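Let's take a walk through this structure together, one piece at a time. Have the sequence and the 3D view ready side by side.

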Protein chains: 2
Amino acid sequence: MRILAILLALSTLFALAISSENSSSPHLLPRPLIFESHQLKSVDNDNVNVHCTSWRFAAETNNLAPWKTIPTECADYVKNYLTGKGYVVDLERVSEESMVYASSFGFAGDGKDIWIFDIDETLLSNLPYYLEHGCGLEAFDHFKFDKWVEKGVAPAIAPSLKLYQKVKDLGYKIVLLTGRREIHRAVTVENLLNTGFRNWDELILRSSDDERKTATVYKSEKREEMVKEGYRIRGNSGDQWSDLLGFAMSERSFKLPNPMYYIP
Amino acid sequence: MRILAILLALSTLFALAISSENSSSPHLLPRPLIFESHQLKSVDNDNVNVHCTSWRFAAETNNLAPWKTIPTECADYVKNYLTGKGYVVDLERVSEESMVYASSFGFAGDGKDIWIFDIDETLLSNLPYYLEHGCGLEAFDHFKFDKWVEKGVAPAIAPSLKLYQKVKDLGYKIVLLTGRREIHRAVTVENLLNTGFRNWDELILRSSDDERKTATVYKSEKREEMVKEGYRIRGNSGDQWSDLLGFAMSERSFKLPNPMYYIP
């Protein structure tokens, strides 16, 4: 059955050329797949796991069409990922890779090198909220989420706090660029300070003028202002591609994991 | 032990605010994690699997520093992914999502809408070669790889062929933009035709002038020429971020999976 499944997978994957010139080639078929199939014992046969890992890959690489909720059949998968080792390990890795990159610059000393951080699911975690709302299975509810934000108790994402401090120590200007609205400035500042984030250079929240813009446009416009003022955006950390793509993009962007929601 | 591991993971993940205002909040700790830990039975305890999945996530989201070989401990993981269901499912999904997006345009009818495809690991698969060379565990060997390319027997990636045909039928101009060199034009054309790719509008290979450029710069420059000629780059399919990022970027980019190698 396993060999059959592998052959089936192969025939789905490859449309092989059956031309007269090629058919004699010993390399035409990926031989080791067939003759060494005993090496594949650890292949995961859990269809849900394969399906949901693929969905997560597609979400994290920005291949999906805009989505409002996670696939129903992936509810347990996403929850297990977030509360198991996977999410922690991913967060630690992106922090470490960002630190390696951040350390690679010799600064001109003109104070014009910027690192941008998003806030939600980048510096602060709303996981306590989402665990009570299906981890993405429930459609986003602005009213309920605002109530949570207003508590000001979102925990820091520890690997991001470590990166934040490192980037600060290295001499970058730190800009916090968030989709949170100006009405939440005070509680956001309090939440950040209480969880260890200090001495940022600028905190940009969404003004009423920005409310109808997509996050991609709003954040790109804010980055463009920085570039026009002569700043160099060296790094950008965000859990949404709308934090990272658009125009006036950072020299390097770092995508934190977030399989719970999508913001255009 | 499982509860201990979860608590340990939590303490790594979250640096909780222990301010006097917040400590009385019932939402300070992500409670469901602790009180509902019986729901976490399916959490994967295989450290190698978690580690290598995390590495793959980081590679696919472009979070890693430039790398030459896959981590040694992930050799079996990567091979199993490529020869198991994971790779096929991922390739099918990106093809399907691309088709949904491609179908969303009502064309002006001026023939100026372009879809760009990379070739290796996007339209054609070199998996037969890489299976004989450690699937990324061996450092890339130009000489050996050229020998493989010159056989002209790389199979088509079937989901990409389906996308190619759909995009062609919809009326996009198809541009193939590859890092392969001009000396391989004839064998590349033969390989593409033999595997079902027909009637592209342009095939751009790397000229001697482009040989010292990174793929990101070379491909961006070629895209910029298209934009200057009045074309609209609607979609871009590639397995490397250097196919997709840089300047003159496509309106939407689709990242095909490739955990075997990295091209800057």
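Buried here means under 20% relative accessible area, exposed over 50%, and partly exposed in between, with a 1.4 Å probe and protein chains only. Helices (H or I, at least four residues) and strands (E, at least two) are DSSP runs, numbered from the N terminus.

Before going further, note that this is a predicted model, in which local features need pLDDT of at least 70, side-chain atom pairs count only at pLDDT 80 or more, and totals for chains, interfaces and linings use all residues. Residues are numbered from 1 along each chain as its sequence is written, chains are lettered from A and ligands numbered from 1 in the order in which they are written, and side-chain values use heavy atoms, leaving out hydrogens and water.

Now look at what lies beside β5(B). Strand β4 of chain B, residues 173-181, runs parallel to β5(B) and is joined to it by four bridges; two strands pair if DSSP finds at least two bridges between them. Within this pairing, L176(B) has L203(B) of β5(B) as its bridge partner.

Another enclosed element is helix α4 of chain B, residues 75-83, where eight of nine residues are buried, so the rest of the structure largely encloses this helix. Among the buried residues of α4(B) are Y77(B), K79(B) and N80(B).

Turning to chain A, you will find eleven helices and seven strands. Of its 264 residues, 55% count as buried.
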